[in-house]
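Good morning, and thank you for coming. I should like to take you through one structure in a few minutes.

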Amino acid sequence: MTRTVLPDPDPLLEHLSKIPYLAPLTAENQAAIARQALYYTFEPDELIFLEGDLSRGLWIIESGNVKITKSSPEGDEFILHLLGPGQSFNDVAALDDGPTPANAIAMSLVTAWTVPSAVLLDALERYPAMARAAVRMLAGRVRMLNQQIEDLTLYPVIARLARFLLSQAEDPVLGGPGITRAAIAAHLATTPETVSRMLAKLQESGAVRFDRHRILIVDHDLLRSIAVL
Amino acid sequence: MGCMDNSNWLPRIDQIACTGCGECVALCPTDALEQVSDKAQLTRPDACTYCTVCEDVCPVSAIALPFLICFADDCTDER
C-alpha cells in the first residue's frame, strides 16, 4: 500500500457526487470532504484491509477492481462483492465507526481514496438529507444481503451462475481485469469444477457462448429464464 | 477503466505458487507453455487458445485465466 498526496481533488469530487448518500450535499460541501480524503495505491492481490481491522473510513475506488471477502477458518474464500471504479466499500464500518466487517483485496492495480469516519459522521449530523440517504443506502444493503441469502439457499448453482453472469454483464465497471472461474466459484459458494460444468451446460443450452476469453451472453431471455428471473 | 491491452487476456501464472511440476507444460495442446528455471512460463502467448487445460490441471491453483462477461451484441475488451 502506498499513500500519496491527492493528485487532484476533481476526480474524487466526480465520484462523491455519484455516491447515493453523498449526492445530496452541495458541491462545496463535497469539496470540503474531498480535501480531507487520503489517497492510496495497491498492487494486484494486495490486502487493503482484513476483517476486524480498525476502520480507516469510507473507501472510494478511483481505478481498478476490489473484492470484498469472508474467509472460513480453513482459509476458504467467499466473495461477497466485486467492485469497480466509482463504487464505495466499508460504508457500514465508516458509518458505525466499528471494525471492518470483511476483507478487502485489490484484484488489479487499484487507486482509491478514504474519507475518514469522523468527516462522514460530522456531515451526517449537519445534513438531514444525507442522513436520510444513508438510511436508504443501508436499507439497500439489507435487501441485497437478503437476496444473496435467497440465492444461496433457494436456487441451484446454475441459476446462481446465470444471475451472476447477468449482473456482471449489466455492470460495466466490473469488466476490469476479468474474473476467473475460481473467483466466480468463491462468489457462488461452489467449486471451480462445478462452475466449469455449469458454464458448459449454459453453452450447450445456447444461452452463452465462449469466444476465447469472452463469455458472451447470446440469448438474454433464455439466460434470464435459467436464472429464474 | 481504460483500454485493456491484450496481455490481460492470457493465463496468469503465479511464479511463487508454481511448484514446477510440469503438468501444465505437458498437457498444453499448443505448446504455449514451457518450463523455465523449474517454473511454468507462457513463452508463446500467441499460441494460447484459452482452452483452460493449464488452469484445470494445476495442482496448486497457480494458474488463472480471467474471463470477460458481456452481452454478445455489445462486447468490447474496453470496459
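How many residues of chain A are in contact with chain B, and how many of chain B with chain A? Before the answer, a word on conventions. Residues are numbered from 1 along each chain as its sequence is written, and chains are lettered from A and ligands numbered from 1 in the order in which they are written. This is a predicted model, in which local features need pLDDT of at least 70 and side-chain atom pairs count only at pLDDT 80 or more, while totals for chains, interfaces and linings use all residues.

To the answer: 22 residues of chain A are in contact with 16 residues of chain B. Contact here requires the C-beta atoms of two residues, placed from the backbone, to lie within 7 Å. On the chain A side, α6 (157–170) and β11 (214–217) each supply at least two of the residues that touch chain B. The largest share, four residues, comes from β11(A). Helices (H or I, at least four residues) and strands (E, at least two) are DSSP runs, numbered from the N terminus. By class, this side of chain A has 11 nonpolar, eight polar and three charged residues. Here Ala, Val, Leu, Ile, Met, Phe, Trp, Tyr, Cys and Pro count as nonpolar, Asp, Glu, Lys and Arg as charged, and the others, Gly among them, as polar.

The strand β11(A) also pairs across the two chains: four bridges join it to β5 of chain B, residues 68–71, and the two strands run parallel. Pairing requires that DSSP find at least two bridges between the strands. Within this pair, A:Ile215 has B:Ile69 as its bridge partner.

Let us return to α6(A). This helix packs against α8 of chain A, residues 192–205, at an angle of about 75 degrees, with the axes 10 Å apart. Axes are lines fitted to C-alpha atoms, for helices over the stretch in contact, and angles run from 0 to 180 degrees between N-to-C directions. The two helices are therefore roughly perpendicular; angles under 35 degrees count as roughly parallel, over 145 as roughly antiparallel, 65 to 115 as roughly perpendicular and the rest as oblique. From α6(A), the contact uses A:Val157, A:Ile158, A:Leu161 and A:Ala162, and from α8(A) the residues include A:Met198 and A:Leu202.

Is A:Val66 buried or exposed? This residue of strand β5 of chain A, residues 66–71, counts as buried, because 24 C-beta neighbours lie inside 10 Å. A residue is buried if 20 or more other C-beta atoms, placed from the backbone, lie within 10 Å of its own, exposed if 12 or fewer, and partly exposed in between. Leaving aside neighbours within four places in sequence, A:Val66 is in contact with several residues, among them A:Ile48, A:Phe89 and A:Val110.

B:Asp38, in the loop between β2 (33–36) and β3 (39–42) of chain B, is exposed, with 10 other C-beta atoms within 10 Å. Its phi is near 65 degrees, a positive value in a residue other than glycine.

Finally, confidence. The model scores ipTM 0.85 and pTM 0.80. Chain B averages a pLDDT of 88, pLDDT being the predictor's confidence in each residue, from 0 to 100. Over residues 1–5 of chain B, however, pLDDT stays under 50. Where pLDDT is low, the predicted coordinates should not be read in detail.
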